[in-house]
Amino acid sequence: MPTIYVDGKPYEVAEEGKNLLDACLSLGFDIPYFCWHPAMHSAGACRQCAVKLFRDEADTRGQIVMACMTPVTEGVRISIADPEAVAFRASVIEWLMVNHPHDCPVCDEGGECHLQDMTVMTGHVRRRHRFRKRTHRNQHLGPLLHHEMNRCIQCFRCVRFYQEVTGGRDLDVFGWHDGIYFGRHEDGVLESPFAGNLAEVCPTGVFTDKTFKRHYTRPWDLQTAPAVCVHCGLGCNTIPGERYGLLRRIRNRFNAHVNGFFLCDRGRFGYEFVNSDRRLREPLLRGEDGELHPAGLAETMERLRAILQAGEAIGIGSPRASMETNFALREFVGAESFHDGTSRLDHDLMETIRTVLLKGPGRSASVQDVAEADAVLVLGEDVQNTAPLLALSLRKAVVQQAIGIAQRLNIHLYHDSAVREAIQQDTGPLFIATPDETPLDDIATLTYRRAPDDIARLGLAVANFIDPAAPRPDGLDGETEGLAGRIADELWNAERPLVVCGYGCGSRSVIEAATNVVCALERLGKDASLACTVPECNSMGLALMGARDPGSAIEAVRSGRARALVIAENDLFRRMRASDAEALLSGAEHVVVLDHLANRTAERAEVVLPAATFAECTGTFVNSEGRGQRSIQTFVPEGSVQASWRWLGRMIALRDGLAERPWGALDDLLAALARAVPVCARIRDLVPPSSYRLHGQRVPRQSPRYSGRAAVHAHEDVREVAPPLDPDSPMSFTMEGYGGQPPSALIARFWAPGWNSPQAVTKFERGVAGPLQGGDPGRRLIEPEDRNRLCYAGHIPPFEPRPDEWLAVPAYHVFGSEELSAATPAVATLTPAAYLGLSPHDAERMQVEEGQELGLDVEHEVHPLPMRLRPQLPPGVVTVPLGLPGLEGLELPTWVKLVVPGLSERALRT
Amino acid sequence: MLSALRTLWAVFWHAFARRITVPYPEQKRPLPPRFRGRIVLTRDPDGEERCVACYLCAAACPVDCIALQATEDAHGRRYPAFFRVNFGRCIFCGFCEEACPTYAIQLTPDCELADYRRQSLVYEKEHLLISGPGKYHGYSFYRVAGVAVGGKDKGEGDNELPPVNVRGLMP
Amino acid sequence: MTRLGAMLAKVNAAALLPELLIVLGVLIGALTLAGGLTFVERRLLALWQDRRGPNRVGPFGLLQVVADTIKLFTKEDWVPPFADKPVFVVAPAIIIVSTLMSFAVIPLAPGIVVADLNVGLLFFLGMSSLAVYSITLGGWSANSKYALLGALRAAGQMVSYEVFMGLSLMGVVAMAGSFNLGAIVQAQRHVWFCIPQCVGLVVFLIAGLAETRRIPFDLPEAEGELVAGFHTEYSGMKFGMFFLGEYVGVALISALTVVLFFGGWSGPILPPIAWFLGKTAVLIGLFILVRAALPRLRYDQLMRLGWKVLLPLSLANVAVTGAVILALGR
């Protein structure tokens, strides 16, 4: 632990090898900076973090150095308050402000602007420069980001983030001298699905959230709460912001184990479904005329009572509903009648993943663990599209080995450009085996393009190379054998090998093969981990809770055993075959649906109850790592909208003739859940109970500067009503409450005195980019039971193309593949049109051209789709973008026929 | 004791002094232009709304009686979609005017706001917006701001250079 | 009614009628005067503070009193749920009753007096001591911290000032040789007692201010610190009684001062009653002028003034008066 002297006082610094800026910020000092970013380290470009460095105790003159470029060494003496350093920093700001426009009142960054904070910190107030200001033209960068280039202060953070963190290539710096320009070579949508982070990375208002701009509110006016993203299985931590009953935006909530500093654009911009016109706000009842009509609460309850007393009910849960909702439904119908509402295939996949992660061999890797892996094998996953943020971690993982090069050259790791200069293209082992090309191919050491079964065989071969006791697939071709040997070597030589697999190619064999690899490594004493992607935000939680497969549900309905069907937050037509969904919905006498949006399942219901979205109720989600995380309600919804578990509690009371619901508040429900599902017992402790108070106060959801509460509702009624109370969490829906730093699970905004921008997060961390003070929120619920247990999979035959059929494998897209985000306008405009991906080999044989319409015949249902050439796709395999409009509810992979419309409906023969 | 008596004597003689108060409302006192009375929203010299919906007035308001929502026209000019002042709560402190970066919100010498219904003390934008520039003539925020709006492209504002040609090679 | 009629028939109706008229006249006169004072005070305060005062209701605002009365009567008569209800209701009545009773012994003119008691002065002192119960009970029963503090202050203040209020009058009694107020007026035929008893007059006036809880001795109310002191929780006509009680008290002290120190009804040319009323009006004006001009004392100043200045002063006054009377040997 080196000691440094700041303004004459000694301080202990936790780690060596850091820079002075990092160390000083960790110690709580305020030093202004621009180009340094905790996730991107130092560039030394902005000259803002100047401090005085003294040679020794006797040195009184000192020299000005950049804190971010100077290493922490034992006994180093610096001064932050030195008048010369202060003047230097003030003059840097003054130069930056020479061209900064007079925009703050109309700038969306205002109020959370790092430049504003730094200007105030250095004391610059008046522009002395008498000359004219430089201006730039803006670019149209798509529906997500607004570009206002005049405001740029040339810190280079955007380009460094975009190119080095996300691997994007279409944002760069152009021009020269004081006319340099950050943008694309021409107007157009930014390609990277992480571009939205520019709004947080940019220290001023050059890149701002365009969806937020459409319903803009100052950050201090937003009612915020700690939430969890519901748009994929990773469970990134977010901060939704609400005003006047509309969800306004999503911001990143730092969690060192999960999302760190960044979010993907689906998570950031997929929130607007909450404000959608399709939202269900009042209960709907099917009337005599066969149509659904809005109904009052009493009427709805009367109808529900009649339905519930008519006979046995079965429940269909949902992988996108919280643990609480699924558990409430399970309690309502009984564990025997609780089904998970996914396809047979997905049910099977999740059962496999659950078994693998619960029983061993490997420990499930968090998003952060993935970033620290130094050799990675990806089996069957298009990671950037199935679990987007994991791709950023993989981009960090590939330099883990190469960092050694920089270390051998005595380059400090915070010295970002020098490290990159030293590494050059020498990125560490990452092998990607998928049916089709992936956006991560540019950093892959080698890629392998085969059908899912062949990918599984590759995995088996790798396992066999590592541990000969593992089964060896027969009939391996030379390419596969050579590749498997190389992968085995790299994984064996690595310190923290990682295998990534998941739901991406819909194959159980692939997951088993990945398990084999980890198993082999573990058995020989390597500390290997396994990252399994899961389809939805609570797929893992639902699997842990245990739900029966959809087949038994159909059977129960068909046999007449179940007369009523209760569906919680699930559009069956998206998750199972239309025929299965149809069998369920038309087989049951009564259908009760609880959901946020009007969808095809809700249209078939007899009773529709409006369910609260993630921002409107408190709930727990278990992510792909097995980490339970609580998402706390951001605002109280309008209308009769309630958390699904509250509706279900009411239904239990109604059916059993109880005076009250079985659970009044969330804590009661969680206690019942912990008793009934022991593996989830720890989810009670994720967040302090609702009775928790800090110095006798709740934690406020509104900032102390929250405005307008005497006028917001004044047009409706000038009398003011009391703010609602929150029975489910120790937070309040007001600005009153504990003003200091709350426990990490209750952080509703990152703000510190003088730090209004997202950069305030350093004030909440233990060391820069370290975990939040008091530990990151969320807890792992599962650890492998037995790491040395052999669980080798058996024999998998190689993939054989069929003459008249194609194996349709799923393709996923960041924008469009997920149900809820697809209902938001910004994401909808970026959703690609449905297509059919065909290999050039097959296209040539069938004599079809790119763009030509083909019929995809899945079990005699024909979907007309334009053909898109996929150059790397193996012959005999087609890709189908699952979940895009028109392609929901397919069970992939499956064998399909292709129909060329001109050719008289005749199935093509190759 | 003596000073008390002197005070009594002095106060007694005030019986014959001139009255300070006026019999309002028959007779009204002239109010200075910077008197803090009813709030108005003004327009810039071009007749456009001055308010750019920056929310600073609402943030400055100590009684939280201002609520608004920002929106934008097709040319990027920002303005309030609604702007509400609850005069039932307003304490006429003038902080909103002080916070306003565009001279949009101003307090006027009109102080006769009494009403029998509290509800009619809630003023919406159509009640607040006047057709002139109020106390401050000649100022137009968008002429000095860097953003482009309808009628002012990049580089056409006061004290601005024409937009940089990124592809230019001239030093 | 019949029993009352029978009782009236038994007594000598002709002898009783003037008595009854005097009783009613004093009662109505005192109450009207107190009501009117609320208006007069506000106008006078305005006059001395360069304002105009209430001038909107009726000619010169004269009907302001009527408006205020209507307002007080129609206001919600709220008894706080935390109050001690019977005491809370009785308290305001006590002050009105006790001050009005004191009026009974005041001779307005020769022969015009309700009860010509030979211990009139003692009766007055006794009654004014009762008034403190009203304040204390009112403040106590309201069960509110402000009211309680006001009541405590009132108790301390009134008990203290009661002492030398009585003492300051002993000089007058010694000189007149009687407690009968009529006799005291008679004793001032040659010289008003304000000249030989000037010290007594000053002490009595100050004690009178304190007894009526008027500025600068309005600590029990002290709206700047105690909201409204002992009557914080009172509203409607209960508050009105306290309000009226204060003005009846002002009129009472003024009238008594006239009787004791300024020769009562005596004066040339004008009828005696006019002299009496005129003198009283001037003193009431003085009370109001004091309110217009002087700031409120601090509680410790109030107590120090009472016990360390006024009490020795009034004792000295009694001693000197007694010595002089002895020396002159009657």
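Visitor: Why is A:R486 called partly exposed?

Guide: This is a predicted model, so every value here is computed from it. A:R486 has a relative accessibility of 37%. Buried would need under 20% and exposed over 50%, so A:R486 falls in between and counts as partly exposed.

Visitor: What makes A:R486 and A:E490 a salt bridge?

Guide: Their closest N and O atoms are 3.9 Å apart. The cut-off is 4 Å, so the pair qualifies. Both residues belong to helix α17 of chain A, residues 478-493, and being four residues apart there, they are separated by about one helical turn.

Visitor: Which residue does A:R575 meet in a salt bridge, and how do you know that the pair links distant parts of the chain?

Guide: The partner is A:E536, at 2.6 Å from N to O. A:R575 sits in helix α21 of chain A, while A:E536 lies in the loop between β24 and α19 of chain A, 39 residues apart.

Visitor: Are A:R575 and A:E536 buried or exposed?

Guide: Let's set each value against the 20% limit. A:R575 has a relative accessible area of 7%, and A:E536 has 15%. Each value is under 20%, so both residues are buried.

Visitor: What makes helix α16 of chain A mostly covered?

Guide: Of its 15 residues, 13 are buried. This helix covers residues 452-466.

Visitor: How do you know that the span of α16(A) is close to the expected one?

Guide: From its first C-alpha to its last, α16(A) reaches 21 Å. The expected value at 1.5 Å a residue is 21 Å too.

Visitor: Which way do the residues of strand β28 of chain A point?

Guide: A:G619 and A:F621 point one way, and A:T620 and A:V622 point the other way. In a regular strand, side chains alternate between the two faces of the sheet. All four of these residues are buried.

Visitor: Why are β28(A) and β29(A) said to pair?

Guide: Pairing needs at least two bridges, and these strands have four, so they count as paired, in the antiparallel sense. One of the bridges joins A:G619 to A:S631 in β29(A). The hairpin has four residues between the strands, and A:G626 takes a positive phi near 95° there.

Visitor: How many bridges join β29(A) and β32(A), and why does that count as pairing?

Guide: There are two bridges, again antiparallel. At least two are required, so β29(A) and β32(A) meet the rule. Here A:R627 stands opposite A:R780 in β32(A).

Visitor: What makes β28 and β32 of chain A edge strands?

Guide: The open sheet has the order β28-β29-β32 in chain A. β28 and β32 are its edge strands because each pairs on one side only.

Visitor: Which chains share the most contacts?

Guide: Of the two pairs of chains in contact, chains A and B share the most. Their contact takes 51 residues from chain A and 47 residues from chain B. The area buried between them is about 3800 Å², with 52% from carbon and sulfur atoms. In chain A, the residues that lose the most area to chain B are A:R132, A:T135 and A:V718.

Visitor: What makes A:D108 and B:R78 a salt bridge?

Guide: Their closest N and O atoms are 2.8 Å apart, and the limit is 4 Å, so the pair counts as a salt bridge. Between chain A and chain B the count is six salt bridges. B:R78 also forms a salt bridge with B:E72, at 3.2 Å. At 2% relative accessibility, B:R78 counts as buried, whereas B:E72, at 26%, is partly exposed.

Visitor: How do you know that chain A and chain C do not touch?

Guide: Contact means heavy atoms within 4.5 Å, and chains A and C do not touch by that rule. Their nearest C-alpha atoms are 22 Å apart.

Visitor: Where does chain C lose the most area to chain B?

Guide: At C:W48, C:D50 and C:R52, which together give 44% of what that side buries. The contact takes 14 residues from chain C and 18 residues from chain B. Two salt bridges are counted between these chains, including the one where C:R56 meets B:E26 at 2.8 Å.

Key:
Residues numbered from 1 in each chain as written. Chains lettered and ligands numbered in written order. Predicted model: local features only at pLDDT ≥ 70, side-chain atom pairs only at ≥ 80, totals over all residues. Heavy atoms only, no water. Expected span 1.5 Å × (residues − 1). Buried < 20%, exposed > 50% of the residue type's maximum accessible area, 1.4 Å probe, protein only. Buried area = accessible area lost by both parts, 1.4 Å probe. Salt bridge = Lys/Arg side-chain N within 4 Å of Asp/Glu carboxyl O.
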